Amino acid sequence: MRKANDIKYILRFLGIMLMAEGVMMLSCLIPSLHFNDGTWWNITVSGLFTFNVGLLLVVSFRKARQLANQRMAYLLVVLMWVVLVLFGTLPFLATGTLLNFSDALFESTSGITSTGATVFSAVEWLPASILLWRSMTQWFGGFGFVLLVLAMVPSLGINKYSLYTAEASGADNTGKQASSMGSTIRHTLGVYILLTVLFVFVLYKSGMQIWDAVNITFTNISSGGFSIYNNSLERLTHTQQYIVGIAMLLSGVNFAMLYNFFTVQWDKMTHKFEQLRFYLALYAVAAVFVVLALRLKMDYPWADALRCGIVQTLSVLTTTGSLVGDTSQWWVPITFLFVILSLCGGMAGSTTGGLKAMRVLILIRHVRKILRDRLHPHAVNPVRLNRKPVSAHIVTNVMVIFMVFVVVIFLGIMLLMLSGINATESIGAVIACITGYGPGLGTSGGFGCYAAFNSTAKLICSFLMLLGRLECLTVLILFIPAFWKR
Amino acid sequence: MTSPGITNRRLRLRKFNFRLITHLTGILLTYLAASMVLPLAVSIYFRDGMQFAIVVSALIILMAGLFFRNILGRNREYDLKENESYWVTVIIWLVIPLGGTLPYLFTGVLDSFTDAVFESYSGFTTTGSSVLANPENLPPSMLTYRAITQWAGGLGLMLLVVALLRKLTQGAFRLYEAEFSGTQQRKLHPRLAKSVTRMWTIYSALTAAMAVILAIQGTPVVDSFCLACSTVSTGGFLTSGEGLAILNNGALATVAVFMILSGVNVAVLYRFFTLRWRNWTHDEEVRIYFILYLASVVVCTLAFTAADNGFVSSLQYSIFHIASTMSTCGFYIPRPANWSFLVSVLTFVLIAIGATAGSTGGGIKLRRIIIMVKYIANYLTRMIHPNAVFRVKVNHEVVETDYINKVFAFVFLYIVFIVAGAFILTLCGSGIPAAVCMAAANISNLGPSPLINSLGASLDYSLLPALAKWTLTVLMLAGRLELFALIAVFSPAYWRRG
């Protein structure tokens, strides 16, 4: 039915990804050998296995030509994430840190989609190699594997734009030219690496071990949220917490905008200015509420209320999921606000999850437009963003994504409740997974973990993380019968 | 007929049509006063000692009404601009339920203003949430009064205006639109006033039929009347504390049937009862409504049976519960011993969807959901075939893009309202799931749902703090006015240049 070449091409592409993943695993040997945690053999085996499977695919299908059918780009992207997640379970299983496949799958998905939900109730006993593997998957996953490939491998013989939109569901398609995709992605990657190096250095200078600095930077700049400590950021000094806060703040900003900022092309930043303003304004309002609530309702001293409010709200809005305190014990309205904030997320084109500031802004503007239409039925009221009219199909795209989000959240909650999780936990887990925040509500929230979930629930959560990372449409489209018809 | 040019200039020159608005409000106030004749009669018959309080409140309302109608509203012009129609809607919906609080306060049934406002809005918006945990202790006259507020609010106060005021030609349709969704459908009669009269006819006929049937089945007369009013308007005020425990099984079945019917588009009901069968089966939304009902009953029954309840009792409960939820009526009967989580989620989804457009029920309305689902399906297909052209059709008629955009905006706003309302409820100490469900049940004008109960919150709204009651009141009103009228009046865009 499907052209054989497309399948071959997809397999070759998967091969490249697997080789890269193998190399990633093998790089975990460095801490393994350095700290002598006794897992070097297991890591080598899983790394070499992954690498060789990839190599085999690449060699066998090296002659595959370009995708004939653009819709296969969706299949390619989804398959790629699934395969990466599946192979990502190997280090956990090989080292025996997780014995159960559903646990390993959950942890691997959570890493690769940079969600930050974990099944480990305590992480400090884990071997160093596994800790680095968790952090590293988040660092790569946060940026997006497709983008990585597009940035690293210039000539894949594929329409880059179609792949890009498949991964990001048209999140950033305002004023993006298909022809300049390559350079934009490279710039973005440059900024990402630069920020990572910068924050590793700053954290190191603030008195942290280099090992800690690397891990914390990896998981926070990517809006991931895994930690190498049981109590996440709480153990850090207050200055370090603020530094991590800044890292999270930047991870929620559009990277192309950061690039323009660093290269002093400030005039180019204006066309995303409103999103930035919305993101910061939303953050400011929420942070003020949280700080006041912590001070007045929970009797934190001012210094703690400020620090916890400021840093934790950032962690939520950017869907990172690092914690400065046990948020599950916080006042209920704060946790509810966190749920809402994580649904909003940071700016489009950043590493954050959720709906993204741009979409929320377009939705709000759309409602305003409808109101104005009613009051002035004969006026032309386009939805505007940064003073420019937004084209109708982008507005449609945003509305459809929003609705699909809502429907998926409902279905997710229903499935989780059916698998035996209670209402609060289900709501928390589904939203934490689909937005990529991580900690849910109840036992899975705060310093808790998802270990108590049964394996069905873990599988559902893993699927939701993937759905959320690929912004639903790309995955759901595979379930439409028309996709498989000629 | 004046030429449009002249009318337009006059419209632009004259200021806000304040006089017409107060006139309309005054008329409705006088009708509110007149409606208290029935409670008064009941009061005199049962000697429940409320006569004096009812007469006083009726007189005050009547005086206010006459003052509004004749003095403030003198020399009015009978036309309404777009933005004024919003004002009429909002002002009437602020004034009438506030006037409706007087009987509660004067009879001493409720002693706090907040409670009275909550109860009154819950009545007029046909929500059915109540701060009275034991309505059987109410004097019969007040039971009747509560039921009448629901009955009046069922078809909508604006529809009352349109029916009563034949002179209002310009802008009448806008009023009709303001609280009656599904305006895309054909009207029952080319003349709006006539079609509205037909709607009131069928509405009254249904109420009368139900009251008679209930009475024949052995329900006390006052209860029959009250339950009929509350059912047909999809209100859901109970007459006794233990759900509908006073009803026998036959009467419960009657209630269930009438609940389902009252969730159906009134125009379709009219065609059905005037024996225009072909037109009746044509309506896609109503067809889906019934299919959804049957499917939900099956799922619900299976879920309860799987949770170790008897099959027959599960089926009975499901038939009643789903009817009550889908029509957003909000009656409840004692629930099965073992609750099922699947039913919780199903109930929540059904609450949000609500009844069909053009019915007395609340919620997002099935029609909007159908349009949205079809549109999303088209969108996904278009991702696969980028050059294909798709159109959304309901009832074989193409739905315009503009309307689809409105639907999406509406649903987004609806969700925002639920979330915002739930947030305030958590500030008042509710748990998150209970807060979300309570907000959804009230904005959908459903009121008490066993769902809220199953999440550990109480259906007795008198236990909530005042802030929560006011929040829920706003939600009820927002839901009843389908959000836009309320937001329009409070949005800056509305105030910028008149």
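Modeller: The expected span of a helix is 1.5 Å times one less than its number of residues. Keep that handy, since this is a predicted model.

Colleague: How do you know that the length of H19(A) agrees with its 13 residues?

Modeller: At 1.5 Å a residue, those 13 residues of H19(A) should span 18 Å, and the end C-alpha atoms are 18 Å apart, so the two agree. After the helix comes Gly436(A), with a positive phi near 85°.

Colleague: What makes H19(A) largely enclosed by the rest of the structure?

Modeller: A residue counts as buried if 20 or more other C-beta atoms lie within 10 Å of its own. In H19(A), 13 of the 13 residues are buried, so the helix is largely enclosed.

Colleague: And H20(B), how do you know that its span agrees?

Modeller: Same sort of check: 27 residues, 401-427, should span 39 Å, and the end C-alpha atoms are 39 Å apart, so that agrees. Gly429(B) follows H20(B), and its phi is positive too, near 105°.

Colleague: Which helix gives the most to the side of chain A that touches chain B?

Modeller: H18(A), with 12 residues. Overall, 38 residues of chain A are in contact with 36 of chain B, and the chain A side divides into 31 nonpolar, 3 polar and 4 charged.

Technical notes: Residues numbered from 1 in each chain as written. Chains lettered and ligands numbered in written order. Predicted model: local features only at pLDDT ≥ 70, side-chain atom pairs only at ≥ 80, totals over all residues. Contact = placed C-beta atoms within 7 Å. Helix = DSSP H or I, 4+ residues; strand = E, 2+ residues; numbered from the N terminus. Nonpolar A, V, L, I, M, F, W, Y, C, P; charged D, E, K, R; others polar. Buried ≥ 20, exposed ≤ 12 C-beta atoms within 10 Å, placed from the backbone.
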